[in-house]
Amino acid sequence: MEQITLFDNREATIPLASRIRPQKLEDFVGQEHLLGQGKMLRQIIEKDQISSMIFWGPPGVGKTTLASIIAGRTKAEFINFSAVTSGIKEIKDVMSRAELSRKMGVRTVLFVDEIHRFNKAQQDAFLPYVEKGSIVLIGATTENPSFEVNAALLSRCRVFVLKALEERDLIRLLQNALHSPSGFAGQKIEMNEKQLQAIAVFANGDARTALNTLEMAILNGEIKPDGSIAVTDEGLFQCINRKSLLYDKSGEEHYNLISALHKSMRNSDPDAAVYWMLRMLEGGENPLYIARRLIRFASEDVGMADSHALPLAVAAYQACHFLGVPECDVHLTHAVTYLAMAPKSNALYEACEQCKHDLRTENAEPVPQQLRNAPTQLMKDLGYGDGYQYAHNAEDKLTDMECLPESKRGCRYYYPTEQGEEAKVKKRLEEIMDWRRTHST
């Protein structure tokens with residue numbers, strides 16, 4: 001006699017997100033800005049007027065589902081293609097089939113999931129077929145297409161930006177899963193609105209995460225004598241006790257978050273600065289990378305307004321190096337808060353950038369004779385060091401000796417501000433300049 005096991009239920013082994021994937025636009029949840037009544041993308045799909053396009057958005061917002069809906073509505077041949085498992089050979093095979101179909105009057109819609117994973121050569125292979133209409137390309141990507149898709153290919157595609165789902169969308173999706181025949185309609189599930197809301201908040205705009213969490217919570221629920229399943233608060237908490245933050249250390253979100261940290265500190269907002277710094281840290285960022293950025297910020301945005309900022313940022317780097325995660329989080333918080341609250345001056349940054357510009361666009365001037373060292377008699381005979389004035393021998397520790405090349409005489413790069421300690425520096429510099437004007441020969 002053949003034994004029947006739970007594993008014979010093939011349907012149950014398919015993830016919930018795949019089982020209840022919408023097949024019609026009417027069942028699609030979210031993206032009202034694209035799919036609401038009268039919106040462009042909805043009209044394109046309903047009229048089967050598909051042109052090459054890119055769906056760009058975070059994970060779990062419906063990019064693949066939209067492609068699936070298009071596949072069900074279009075009269076064209078629909079080919080699903082993965083950038084993860086396919087190479088140039090597979091691309092050429094598909095393109096040959098598409099070209100043959102075109103000659104027979106049949107359109108081919110090619111959906112490429114994770115198109116950003118294709119390198120330049122692979123993306124270039126699509127270009128001639130898109131140009132002559134052999135294929136209609138639909139790409140899905142979590143990365144900014146401006147950086148990850150070839151400019152020539154991108155210019156021939158319309159980009160649709162999909163947003164993270166709102167909390168109400170996710171709750172609606174979870175309720176659909178509980179009542180769908182492909183979901184849990186055949187079982188009696190005891191869950192309250194608060195629990196559904198907790199899952200929606202945890203999912204952070206990601207439908208796949210929300211559905212996977214719901215499935216996990218139900219599978220770990222308490223089975224009652226009548227066969228119903230009760231999801232307890234304690235069981236649910238175990239499923240959502242640690243949020244996986246969206247963070248790709250090499251992708252656009254990496255640059256978005258470090259930008260948010262810099263701009264929050266620059267705007268003297270310690271709460272926002274700490275928030276963005278810990279978002280990076282909790283997302284798995286190397287604390288030494290964050291500490292290096294703080295060192296840069298200390299001179300670029302604080303500078304002479306508070307010269308203690310730089311050694312403090314360096315100390316934070318050393319503390320992170322000594323302790324590592326998770327203990328170094330408080331040291332980074334210390335440094336970020338200090339830098340956010342410090343007076344701000346970008347005078348050093350401006351001086352640095354202007355000087356670099358001049359060096360790159362002007363002729364390299366020789367060092368003036370009076371500043372040259374003369375370690376040999378020949379150099380002395382050639383006049384090296386002639387006219388040098390030793391400042392320590394002067395009563396005011398100042399001389400009227402020119403230290404810039406002749407063509408740069410009077411040039412200024414550093415303009416101190418009135419911020420923090422730099423106000424004293426500004427006053428001192430003005431005194432020095434006044435002295436030189438008075439004593440100039």
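Me: In which sense do β7 and strand β8 pair?
Reply: This is a predicted model. In it, β7 and strand β8 (residues 229-230) pair in the antiparallel sense, over two bridges. Look at Ile-223 for one case: its bridge partner in β8 is Ile-229.

Me: What is the order of the strands in the open sheet?
Reply: The three strands run in the order β6-β8-β7, and the pairing is mixed. The edge strands, β6 (189-190) and β7 (222-223), each pair on one side only.

Me: How are two packed helices described?
Reply: Take helix α10 (residues 167-179) and helix α12 (residues 207-219). Their axes are 10 Å apart, and the packing angle is about 45°. The two helices are therefore oblique to each other. The crossing of α10 past α12 is right-handed.

Me: Which residues of α10 and α12 meet?
Reply: From α10 come Leu-170, Leu-173, Leu-174, Ala-177 and Leu-178. They meet Ala-207, Ala-210, Leu-211, Leu-214 and Ile-218 in α12. By class, this contact has ten nonpolar residues, no polar ones and no charged ones.

Me: Now a single residue. Is Thr-65 buried or exposed?
Reply: Check its relative accessibility. Buried means under 20%. Thr-65 has 11%, so Thr-65 counts as buried.

Me: Where is Thr-65 placed, and which residues is Thr-65 in contact with?
Reply: Thr-65 lies in helix α5 (residues 63-73). Set aside the neighbours within four places in sequence, and Thr-65 is in contact with Arg-21, Pro-22 and Phe-28.

Methods:
Residues are numbered from 1 along each chain as its sequence is written. This is a predicted model: local features need pLDDT of at least 70, side-chain atom pairs count only at pLDDT 80 or more; totals for chains, interfaces and linings use all residues. Side-chain values use heavy atoms; hydrogens and water are left out. Axes are lines fitted to C-alpha atoms, for helices over the stretch in contact, and angles run from 0 to 180 degrees between N-to-C directions. Helices (H or I, at least four residues) and strands (E, at least two) are DSSP runs, numbered from the N terminus. Angles under 35 degrees count as roughly parallel, over 145 as roughly antiparallel, 65 to 115 as roughly perpendicular and the rest as oblique. A crossing is left-handed if the near helix is turned anticlockwise from the far one by less than a right angle, and right-handed if clockwise. Contact means heavy atoms within 4.5 Å. Ala, Val, Leu, Ile, Met, Phe, Trp, Tyr, Cys and Pro count as nonpolar, Asp, Glu, Lys and Arg as charged, and the others, Gly among them, as polar. Two strands pair if DSSP finds at least two bridges between them. Buried means under 20% relative accessible area, exposed over 50%, partly exposed in between (1.4 Å probe, protein chains only).
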